[in-house]
Amino acid sequence: MSETHIHMAGHVTERHITRAGQGGDRDVFEYALLRVVPRIERGECINAGVLVYSRAKAYVGARTHLDEARLLALDPAADVTGIRAALGAIERHCAGGEEAGQAARDDAGRRFRWLIAPRSTVVQPGPVHTGLTTDPAAETERLLDLLVR
């Protein structure tokens, strides 16, 4: 089933609606961008990573890419080393294992929810979006290329 929408600017888009059981072998996933806000008072940010969660696949993953030149254009005094460390910690948290610390015992959903909770003025999660995928790990890379790099 599809719907056709005409936007105010006159553009026509087609949106495909998938009902339960019609998604083929695709599963619902959630994702959020990781944003770096070097000077909170200015509100400027750059995308520096993506978090992906798939309940059906018990997957949570993060991929990051910090464009240092863009960051320094926003704030020449930005703590690049500290920001890289924070982004690396998020990737390790998603990967689980010993490097995730106490979070290694949590399920994928709990780790994702913990990561999307706002807690830093410099590295911030964006809003959560949803989609359908057959491979959440590949989706993580695709979103990184599409929205961050």
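Student: How many disulfides does a search of the whole structure find?

Tutor: The search finds 0 disulfides, a disulfide being a pair of cysteine sulfur atoms within 2.5 Å. This is a predicted model, in which local features need pLDDT of at least 70 and side-chain atom pairs count only at pLDDT 80 or more, while totals for chains, interfaces and linings use all residues. Residues are numbered from 1 along each chain as its sequence is written, and side-chain values use heavy atoms, without hydrogens and water.

Student: Why is Cys94 called buried, and why is Cys45 called partly exposed?

Tutor: Buried means under 20% relative accessible area, exposed over 50%, and partly exposed in between (1.4 Å probe, protein chains only). Cys94 has 4% and is therefore buried; Cys45 has 37% and is therefore partly exposed.

Student: How do you know that the reach of helix H2 is close to the expected one?

Tutor: Helices are DSSP runs of H or I with at least four residues, strands are runs of E with at least two, and both are numbered from the N terminus. The expected span is 1.5 Å times one less than the number of residues. H2 (residues 80-95) has 16 residues and reaches 23 Å from first C-alpha to last, close to the 22 Å expected.

Student: What makes the set containing Ile83, Leu87 and Ile90 a nonpolar core?

Tutor: A nonpolar core consists of buried Ala, Val, Leu, Ile, Met, Phe, Trp, Tyr and Cys residues joined through side-chain atoms within 4.5 Å. The largest has 22 residues, and Ile83, Leu87 and Ile90 are among those with the most contacts inside it. H2 gives the most to this core, with 5 residues.
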